[in-house]
Amino acid sequence: MDARAGLPVLPLSGRAPRGRCWALPTALLCLYGFFASLRPSEPFLTRYLLGPDKNLTETQVFNEIYPVWTYSYLVLLFPVFLATDYLRYKPVILLQGLSLIVTWFMLLYAQGLLAIQFLEFFYGLVTATEIAYYSYIYSIVDLNLYQKVTSYCRSATLVGYTVGSICGQVLVSVANWSLFSLNVISLTSVSVAFATAWFLPMPQKSLFFHHVLRSQVSREMKVLDWLGGCAGSGLGPTGSECGRVDISKVLRELWRDFLQCYSSRPMLCWSVWWAFSTCGYFQVINYTQGLWEMVLPSQRFEIYNGGVEAVSTLLGAVAVFAVGYIKVSWATWGEVALALFSLLIAAAVYVMDTVRNIWVCYASYVIFRIVYMLLITIAT
């Protein structure tokens, strides 16, 4: 036991004791993901910004506000990636929770174009720090649990988003709540998520900055070894080497890993797909509400954005959860599935843009999100 934190120190081999250490951090992380995603106001964001609460124009929202999120995410992604590894995940998860609180607090009380642009910057930080949420658990659990915990953590976020979307639609359509009230609920939910993150155990190791290099250990064994902690073990090349960080060595190691990883054709294929599909996904979800607004203006008609988001996320969560139990050789069938499902995604986006019927748009969006969630979980 770690005398300071009262937490079990991971063994040097990197393997957590089976069935004992993985359940609590997984449950806490899933709880964090659920409340961080339970945001009933999000399906109505465009309507809220264009409405009397913020009184912004369509040009301001689509041309001057939403792009700030996209470019903020792009600029922050690599430094956040390095910070996540250097700080060992948990502090970056806390940063994400705090950024969510700032985002929704500003969404409630900030006024004017510049303030909302700052809000979008913080939301870009939220999305950039998702890497900490999805990689934290791999530093805690055993290798043979990766597939299951990946599906659990991603399903938790999808279920949270589903519950939030359903609540938002019901409160708007049935209870006639204001969008301001929905944002209050969202702020409360992300605050609960931030509080939950404090209880996550602190990993003792990370992949690049906090691990013990052994020349005799293969690359495959290194993936296991980086999970273990050197704090308190007294093992390693020297007693103090674990505490020192040589940035140049880390960067050289990153470059070696980069060359080794992308010499693998399947790895290169999935990584290129990940980059382009994530970019496309963010663009679609960023502007879908604007497309729906053009097809069916929310100021004059009843809209069902929350219901559509709920259905797409719920079905996506079911698909993602099922992936954790599907025994398929993705090395054999992965690229075939990637090509076929990517074509389906492209067709759904094309139909959504060209057929100006709101129900066709809704159905195409549901298909688009389900297939994307399925593929991105397989890629993970």
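**Group meeting: a walk through an all-helix model**

Tyr365 is buried, at a relative accessible area of 2%; buried here means under 20% relative accessible area, exposed means over 50%, and partly exposed lies in between, with a 1.4 Å probe and protein chains only.

What you see is a predicted model, in which local features need pLDDT of at least 70 and side-chain atom pairs count only at pLDDT 80 or more, while totals for chains, interfaces and linings use all residues. Residues are numbered from 1 along each chain as its sequence is written, and side-chain values use heavy atoms, with hydrogens and water left out.

Let me begin with the overall architecture. The protein chain has 14 helices and zero strands. Helices, H or I runs of at least four residues, and strands, E runs of at least two, are taken from DSSP and numbered from the N terminus. Of the 380 residues in the protein chain, 49% are buried. The accessible surface comes to about 18100 Å², and carbon and sulfur atoms account for 69% of that surface; these areas come from the Shrake-Rupley method with a 1.4 Å probe, and for residues only the protein chains shown count as cover. Turning to contacts, meaning heavy atoms within 4.5 Å: among those between residues at least 6 apart in sequence, 82% join residues at least 24 apart.

I turn now to the aromatic residues. The structure holds 24 aromatic pairs. The ring centres of Phe34 and Phe35 are 5.2 Å apart and the planes stand at 85 degrees, so this pair is edge-to-face. By definition, rings of Phe, Tyr and Trp (its six-membered ring) pair if their centres lie within 6.5 Å, and planes under 30 degrees apart count as stacked, over 60 as edge-to-face and the rest as tilted. Phe34 is partly exposed at 21% relative accessibility, and Phe35 is partly exposed at 22%. Tyr365, with which I opened, forms a tilted pair with Phe368, at 6.4 Å centre to centre and 35 degrees between the planes. Tyr365 and Phe368 are separated by about one helical turn because they sit three residues apart in helix α14, residues 358-379. Phe368 is buried, with a relative accessible area of 3%.

Staying in helix α14, we come to Leu375. Leu375 is buried, with a relative accessible area of 0%. Which residues is Leu375 in contact with, leaving aside its neighbours within four places in sequence? They are Trp270, Trp273, Ala337, Leu338, Phe341, Ser342 and Ile345. For Ala337, the separation from Leu375 is 38 residues in sequence and 8.5 Å in space, C-alpha to C-alpha.

The next residue is polar. Asn183 belongs to helix α8, residues 179-197, and is buried at 2% relative accessibility. Its side chain makes a polar contact of 2.8 Å with the side chain of Ser41, and also reaches the backbone oxygen of Leu179 at 3.1 Å. A polar contact is a pair of N or O atoms within 3.5 Å; within protein, one must be able to donate a hydrogen and the other to accept it, and residues adjacent in sequence count only if both atoms are side-chain atoms. Beyond its neighbours within four places in sequence, Asn183 is in contact with Ser41, Tyr48, Trp104, Leu107 and Leu108.

I move to the surface. A nonpolar patch is formed by Trp255, Phe258, Leu259, Tyr262, Met267, Leu268, Val272 and Phe276, with about 810 Å² of accessible area together. Patches are made of residues with over 30% relative accessible area and no salt bridge, joining like charges within 9 Å and nonpolar side chains (Val, Leu, Ile, Met, Phe, Trp, Tyr) within 5 Å; a salt bridge is a side-chain nitrogen of Lys or Arg within 4 Å of a carboxyl oxygen of Asp or Glu. Helices α10 (247-261) and α11 (265-295) each supply at least two residues of the patch, and the largest share, four residues, comes from α11. Val272, in helix α11, is partly exposed, with a relative accessible area of 40%.

Tyr89 has a positive phi of about 70 degrees although it is not a glycine; Tyr89 is placed in the loop between α3 (58-87) and α4 (90-109). Asn176, also not a glycine, has a positive phi of about 60 degrees and is placed in the loop between α7 (146-173) and α8. Are these residues buried or exposed? Tyr89 is buried at 4% relative accessibility, whereas Asn176 is exposed, with a relative accessible area of 65%.
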